[in-house]
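The sequence and the structure are shown first.

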Amino acid sequence: MGDVTVRTPERREPGVPHPVTEETGQGLLRRLRAPRRPRLWFEILLIAISYWTYSLIRNAVPEQRGQALRNADWIWHVEQQLGIAVEQSVNHAVNSVTWLVVGMNYYYATLHFVVTLGVLVWLYRSHPGRYAATRLVLFATTGVALVGYYLYPLAPPRLMNGGNFIDTVLVHDTWGSMASGDLKNMSNQYAAMPSMHIGWSVWSGLTIFALASVPWVRVLGLLYPALTLVVIVATANHFWLDAVGGVLCLGFGYAVAFAWYGALPHALPRDVPRVGARRGAWSPMRA
């Protein structure tokens with residue numbers, strides 16, 4: 001007779017439940033934080049709704065005229081103590097050159113929007129992997145600025161009592177500010193701190209400088225916010241310190257983007273696979 005083999009039940013270790021919910025949650029978070037190719041229809045809708053909301057909230061902030069004027073007097077006093085109160089001299093000097101001040105009025109009214117949207121379009125077309133993170137910087141910067149408008153109403157220099165500043169739009173009868181002339185009722189005139197002309201222009205300039213490949217274009221990127229600073233002061237729409245507030249808001253925007261993506265926008269991959277394509281998990285070290 002042959003050998004008889006007796007099989008005994010194998011000893012099995014009790015199963016350990018997998019944290020499916022936790023893994024699923026972490027996987028979803030990783031997917032949300034990973035750079036992805038933007039969708040045109042979504043971006044157009046998002047930008048339109050966001051700007052409408054920004055304008056609505058900014059203009060809904062109570063126009064605290066008395067407090068705004070007191071804050072303007074305080075800002076002007078601080079700048080005099082610091083030795084940087086030269087806005088009035090710049091305003092009067094530029095106002096004496098008609099073609100220059102009229103050009104600055106239109107610069108103030110238009111390039112703020114044209115350049116910002118132009119940079120967004122360029123990012124969308126040429127740097128899709130960096131688009132969402134850079135757009136997040138812009139949105140976070142603008143969002144925190146709304147807090148500043150609410151908490152610290154500030155009259156621009158041209159509206160100060162006895163400030164002897166010239167409202168260049170009114171004097172030269174040009175359309176150069178949403179807060180002057182026939183358009184003044186469409187905008188909160190006491191939302192000067194922080195300056196989003198500076199916040200957005202520095203965002204545009206740094207983005208161009210960091211990502212453009214042509215040297216002279218990178219130089220233009222740095223010159224744009226510098227020229228914008230001169231314009232906002234020469235037209236008496238802002239103090240120097242309003243510009244500082246705009247830069248601080250931009251710093252907050254970059255901090256938000258870094259916290260979410262784990263890297264600054266320019267360090268992210270330039271391109272990403274299209275939706276549905278296979279790809280591995282992204283990390284800043286692989287960019």
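**Basis of the description**

This is a predicted model, in which local features need pLDDT of at least 70, side-chain atom pairs count only at pLDDT 80 or more, and totals for chains, interfaces and linings use all residues. Residues are numbered from 1 along each chain as its sequence is written, and side-chain values use heavy atoms, with hydrogens and water left out.

**Overall fold**

The protein has ten helices and zero strands; helices (H or I, at least four residues) and strands (E, at least two) are DSSP runs numbered from the N terminus. Along the sequence the pattern reads α-α-α-α-α-α-α-α-α-α. Of the 287 residues, 42% are buried, where buried means under 20% relative accessible area, exposed over 50% and partly exposed in between, with a 1.4 Å probe and protein chains only. Contact means heavy atoms within 4.5 Å. Among contacts between residues at least 6 apart in sequence, 82% join residues at least 24 apart.

The expected span is 1.5 Å times one less than the number of residues.

| Helix | Residues | Number of residues | First to last C-alpha | Expected span |
|---|---|---|---|---|
| H5 | 98–126 | 29 residues | 39 Å | 42 Å |
| H3 | 65–82 | 18 residues | 26 Å | 26 Å |

Where does H5 bend? The bend lies at Thr110 and amounts to about 45°; it is the angle between axes fitted to the seven residues ending there and the seven starting there. The buried residues of H5 are Val101, Met104, Asn105, Tyr107, Tyr108, Ala109, His112, Val115, Thr116, Val119, Leu120 and Leu123. Their cover includes helices H2 (40–60), H4 (87–95), H6 (128–151), H7 (168–172), H8 (196–211) and H9 (215–234).

In H3, the buried residues are Ala68, Leu69, Asn71, Ala72, Ile75, Trp76, Val78 and Glu79. H4 and H10 are among the elements that cover them. After H3 comes Gly83, with a positive phi near 75°.

**Two helix pairs**

Two packed helices are described by the angle between their axes and the distance between the axes. Axes are lines fitted to C-alpha atoms, for helices over the stretch in contact, and angles run from 0 to 180 degrees between N-to-C directions. Angles under 35 degrees count as roughly parallel, over 145 as roughly antiparallel, 65 to 115 as roughly perpendicular and the rest as oblique.

The axes of H5 and H9 come within 10 Å and cross at roughly 135°. The two helices are therefore oblique to each other.

H6 and H10 pack with their axes 7 Å apart at an angle of about 135°, which makes H6 oblique to H10. Ala132, Ala133, Leu136, Val137, Ala140, Thr141, Val144 and Ala145 of H6 meet Cys249, Leu250, Phe252, Gly253, Tyr254, Val256, Ala257, Trp260 and Tyr261 of H10.

Cys249 lies in helix H10 and is buried, with a relative accessible area of 11%. Apart from neighbours within four places in sequence, Cys249 is in contact with Thr141, Val144, Ala145, Pro194 and Met196. Met196 is 53 residues from Cys249 in sequence, and their C-alpha atoms are 8.8 Å apart.

**Backbone geometry in the loops**

Most residues other than glycine have a negative phi, and most peptide bonds are trans. The peptide bond from Met193 to Pro194 is cis, with omega near 0°, and Pro194 is placed in the loop between H7 and H8. Asp173 is also found in the loop between H7 and H8, and its phi is positive, near 55°.

Is Asp173 buried or exposed? Asp173 counts as exposed because its relative accessibility is 69%. Ala236, in the loop between H9 and helix H10 (240–261), likewise has a positive phi, near 60°. With a relative accessibility of 0%, Ala236 counts as buried.
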